[in-house]
Each structure stands twice: as structure tokens, then as C-alpha cells.
Amino acid sequence: MIRLEKVTYTYPESQDEGRPAVPALADISLEIGEGEFLLLAGPSGAGKSTLLRCLNGLIPHFYGGAFSGKVSILGHDPIPWGPGRMSRLVGMVFQSPEAQCVAPTVEEELAFAMENHGFPETLMRRRIEEVTSWLGIAHLRDRRLDTLSGGERQRVAIGAVLVLHPRLLVLDEPTSQLDPQGAEEVLEALQYLKETLGLTVLLAEHRLERVIGYADRLLYLPGDGGRPLLGRPDEVLRQMPWVPPLVTLGQALGWKPLPLTVEEARRFVGKPAGGENAGGRPRPRPSSRPVIRVSGLSFSYNGRPALRDVHLEVFPGEIVALMGANGSGKTTLLKHLVGLLRPQEGRVEICGQDTRRVSLERLIARVGYVPQNPDMLLFADTVAQEMDFTLRQHGRPAGVYGDLPALLGLQEHLGRYPRDLSVGERQRVALAAVLVAEPEVILLDEPTRGLDYGQKEALERFLLERRRVGRAIVLATHDVELAARCADRAVILENGRVQAEGSVREVMAGRLDFASQVQRLYRIPGLITVEDVLRERFCGQERR
């Protein structure tokens with residue numbers, strides 16, 4: 001169905017930087033059969049999004065640059081056809097749903113592409129009913145897009161493509177803002193369409209633990225001029241430097257065949273001795289006063305409740321993971337903690353200051369907030385200027401970045417225009433632009449969106465170091481593996497209420513829908529990371 005022959009592509013900005021142009025793709029040849037589910041993996045900036053853009057003509061029609069080689073989709077060349085005609089065959093879901101949605105309401109967004117193709121109204125209504133059922137968004141049909149959470153908008157963006165019934169569906173990190181249950185529902189829908197309609201799926205993703213069980217083959221782009229790897233997922237994973245936690249565990253314990261899902265791994269598992277206490281006791285809360293205190297907080301958008309009687313305390317030197325389904329109120333709560341929203345009922349205190357009685361300028365002098373969409377923060381001409389602006393606003397000398405660029409992998413991008421970078425790279429620039437001022441309180445909304453495993457590990461080290469020096473950190477995240485490795489406590493929101501709160505080990509043991517792969521495999525409160533299992537296994541051998 002898909003054939004790429006010696007495809008090489010270089011972005012125009014790479015050619016204009018006064019240095020030898022580095023191709024984003026170099027001599028890529030690939031064949032994909034109809035009805036296949038191909039998973040595309042690799043570090044941020046390795047060319048995954050670039051490869052996807054070649055399949056519908058966006059490259060070179062929209063992005064320009066230098067293109068060579070040949071692409072064929074069902075015998076059609078995307079270059080002479082262009083993105084407009086290719087949209088009949090290829091449906092594309094971008095990394096940022098904010099950049100894809102154009103209509104004011106969900107139903108109008110779902111109808112937009114069909115209207116452009118001249119579909120009759122009866123068919124449009126039937127397709128909308130069909131797709132909203134597949135993706136679990138029927139209850140959102142009348143909602144305005146600007147009232148949806150990031151994950152809800154992501155589902156709508158997928159639906160707006162599926163209504164056309166494309167032969168090839170191309171998705172760029174489609175689960176990056178979805179809660180675990182929502183991601184599973186979307187992937188199950190794609191699997192259903194693949195089996196019933198023969199849909200071909202090409203999906204790029206960093207969170208391989210969510211997707212790997214659905215893939216027929218895995219294509220790994222290593223970047224830096226390395227040779228791509230293509231084959232069965234288990235074969236390719238053995239050769240990759242960064243893999244999901246379950247695969248890391250299987251490799252460490254010599255499990256063969258290498259399990260890709262929790263279900264496959266259960267045949268290897270017996271209950272480890274003493275696992276209930278593995279990983280040590282939860283870190284005690286510091287004895288100092290809380291820097292965040294939320295009491296009886298309630299808030300509504302145009303009469304629609306978003307938060308209901310929320311109580312929360314966060315202390316210096318503590319990392320709290322704020323978890324919950326899409327639309328449960330996580331982002332709304334973070335916006336209250338930085339003063340972008342003010343309580344309608346209840347009270348929010350940050351560093352002893354009531355947010356209703358202090359200016360936003362005074363709050364952000366002590367609170368660093370990185371929103372879900374990094375583009376909201378980026379406006380300067382270079383990455384370095386983004387950080388310099390923050391430093392000047394806090395009365396600090398420009399150019400003093402410490403180890404932040406190295407930790408976030410931004411040293412080679414300091415002179416680049418931020419919006420020319422990939423989504424993952426822009427996410428790291430936004431983090432750097434806020435965290436360079438060393439705020440007392442750090443609020444991060446989906447901080448691992450667009451980050452590969454290596455970058456996520458660097459972020460974990462950074463957060464743990466900031467915790468060590470007494471920073472209070474709140475992460476609103478669907479990344480359960482990040483929470484398992486970093487967080488001291490977890491708070492789960494449901495319909496705007498705190499449904500569960502406690503140590504991350506206790507909460508994951510009680511809520512398997514928000515548990516790490518290791519916790520779901522062993523079902524023991526003390527085991528939530530690979531390190532927990534290996535430590536317990538070694539200790540058990542020592543005891544015996």
C-alpha cells in the first residue's frame with residue numbers, strides 16, 4: 001500500500017542556518033502492506049513527524065525544503081496530488097490538536113472535512129454518530145472546543161479524520177494527552193477499524209508501553225544518521241536503547257519470548273517474597289508549613305462544575321502527581337494554583353498568600369507554571385532569549401542558565417527559533433523558560449508530552465534534584481510511569497472531586513486504572529517500578 005524509495009528531506013530552516021544542512025530523513029526505503037498497524041518510534045527530533053508528513057504531501061507542499069526520492073500511496077504520488085487530493089486516501093492527526101481544530105463546536109468540527117468533500121447531510125450525520133460512539137465522545141457533541149480539556153480535543157481531532165473513512169490513518173502521538181483508559185479506548189477503536197474495514201494505521205508514539213501490544217511491526221528511527229530498524233516489535237525492542245518498563249524488566253530477568261504487554265508477562269511471574277514492603281516506606285511529609293493550601297475550592301465554567309470542594313496541601317520538598325480522566329479538573333486546579341483563575345468558593349493559599357488578594361505578578365514571582373500546550377509560552381527569536389526574558393523579569397542576569405540546558409538536552413538548540421523545533425523539543429524549551437528562574441513552586445501540566453524515554457529520564461533527575469533542595473512540585477499527568485518513579489503522593493480527581501489521595505504506592509494499588517505496568521503485573525503495593533522488583537528479587541535471594 002505504501003512504498004518509500006530512498007526518501008531524503010531537509011527542512012528549509014536547516015539550510016539557512018549558515019552550516020551544512022542536516023537532513024531530517026536520509027535515504028529511507030520502506031514498504032507497508034494494506035491493513036497493517038506500523039508503530040514508529042525513536043528519539044525526539046529523529047524524523048518521525050517528518051516521515052508522516054511525506055505521506056500526504058505536506059512535505060514538500062507546505063514545509064518547502066529539499067526533497068528527493070519517491071513516495072507512493074496506493075499507486076499515487078503525494079507530490080503531484082497534493083494534500084487536498086491525498087486527504088481522500090490519507091487521514092492525518094497531528095501532534096498538536098490545537099493546530100488541527102478549526103470549528104467552534106465539536107459537531108461542527110467533525111462535519112467540517114465532510115462538508116469540504118461534498119458529503120450529503122444524511123451521510124454526515126451517520127458518520128458523526130458512528131465516530132463519536134467509537135471514540136466515546138458522544139456526550140461532547142454540543143460542547144465548544146475551547147471548553148474541552150487537551151485529551152478531549154485530541155479525541156475530537158482523531159474523530160474529525162475518521163469520519164472520512166480514509167484508507168490510511170496517520171497519527172502523530174495520538175495518546176499524548178489521553179488518560180490511560182481513554183488511550184486504551186482509542187487504540188481499541190483503531191484495532192476494530194483495522195480488522196473490520198482493513199484500515200492501515202501508521203502511528204508515531206513515545207509512550208510505547210501503551211501502543212506496542214497493538215503493532216504488527218515496529219520501525220525505529222535512531223536519529224543522528226543511524227540505520228533504521230524494522231521488524232517484529234520484540235525483535236526491534238531488543239536493539240533499542242530505551243524501552244518500556246515491562247520490556248526492561250523482561251530483559252533484566254531473561255524472560256523469553258520477551259513480553260510486550262502485562263497479560264503476556266503474567267506467565268513469568270510468581271509472587272516475590274516480602275514484596276508488600278518493597279521500595280521502602282513512603283517519604284514522610286516535611287514538618288514545615290505547606291506552601292500550597294487549598295480549602296473547599298469549587299469552580300464552574302458557565303455553570304458547568306469543574307472543581308467541587310477540593311482540599312489539598314503540598315509541602316516543600318514534595319512531588320505530588322495530580323491524576324484523573326480527561327476533563328476531571330486537573331488543569332483547572334493548576335490554573336488556580338498560579339492565580340490564572342480565582343476561587344468562586346473556598347480558598348487557595350500559595351506561600352501563605354491568598355490568591356484572591358494578591359496580584360498575578362507577585363504570584364508568578366514564586367510559582368513556575370508550564371501549561372499543556374508549550375506554544376502558549378514561546379514568543380522569542382531564540383531558545384536562549386526565551387530563558388533570558390524570564391531571568392530579566394526576575395531581576396537576574398541574562399545568560400546564567402546553570403545546568404538546565406544540558407539536563408533538558410537544549411545546548412545545541414540555544415540559537416534556534418523555538419517554533420521550528422519538534423513538539424517534544426518545544427516542550428523542553430517551555431520547561432527551561434519557566435524553570436530557569438528557580439521558582440519555589442513548580443506546576444507542570446503534562447510535562448512529558450512529546451518527550452522520548454531519554455528526555456523523560458533527564459526530566460525525572462531534574463525534578464528529583466529540585467525536590468532535594470526543597471521545591472514543591474505538582475505534576476498534572478497521565479504518565480503513570482513518571483508518577484511511579486518521581487511522585488511522593490498521588491491525588492486522583494473525578495468529576496472535579498478528590499476521589500483518592502495518599503502515597504503513590506497506596507493509590508496505585510487501589511486504582512489499577514492509574515497504575516504503572518509493574519504494579520498491574522504484580523498487584524503488590526510495594527512494587528511499582530522496575531527498580532523495586534529487581535531490589536526485592538535480590539533481597540529475597542539474600543534472605544534465602
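In this predicted model, the cover over the buried residues of helix α15 includes α16 (404–407) and α17 (423–435). Helix α15 itself spans residues 383–393, and its buried positions are Val-383, Ala-384, Glu-386, Met-387, Asp-388, Thr-390 and Leu-391. An α-helix has 3.6 residues a turn, so residues three or four places apart point the same way. After α15 comes Gly-395, which has a positive phi, near 70°.

Nonpolar side chains tend to be buried together in soluble globular proteins. The largest nonpolar core comprises 54 residues. Within this core, the residues with the most contacts are Leu-39, Leu-135, Leu-171, Leu-203, Leu-218, Leu-237 and Met-240. When neighbours within four places in sequence are set aside, Leu-135 touches Arg-155, Ile-158, Gly-159, Leu-162, Val-186 and Ala-189. Another core, of 44 residues, lies apart from the largest one; Met-323, Leu-378, Leu-444 and Ala-490 are among its members.

Two cysteines were examined for burial. Cys-351 counts as buried because its relative accessibility is 17%, under the 20% cut-off. Cys-486 has a relative accessibility of 2% and therefore also counts as buried. A disulfide is a covalent bond between the sulfur atoms of two cysteines. With a limit of 2.5 Å between cysteine sulfur atoms, the count is 0 disulfides.

Mean pLDDT for the protein chain is 89, and 94% of the residues score at least 70. Over residues 277–281, pLDDT stays under 50. For that segment the model has 10 contacts beyond four places in sequence.

Methods: Residues numbered from 1 in each chain as written. Predicted model: local features only at pLDDT ≥ 70, side-chain atom pairs only at ≥ 80, totals over all residues. Heavy atoms only, no water. Buried < 20%, exposed > 50% of the residue type's maximum accessible area, 1.4 Å probe, protein only. Helix = DSSP H or I, 4+ residues; strand = E, 2+ residues; numbered from the N terminus. Contact = heavy atoms within 4.5 Å. pLDDT = per-residue confidence, 0-100. Core = buried A, V, L, I, M, F, W, Y, C linked by side-chain atoms within 4.5 Å.
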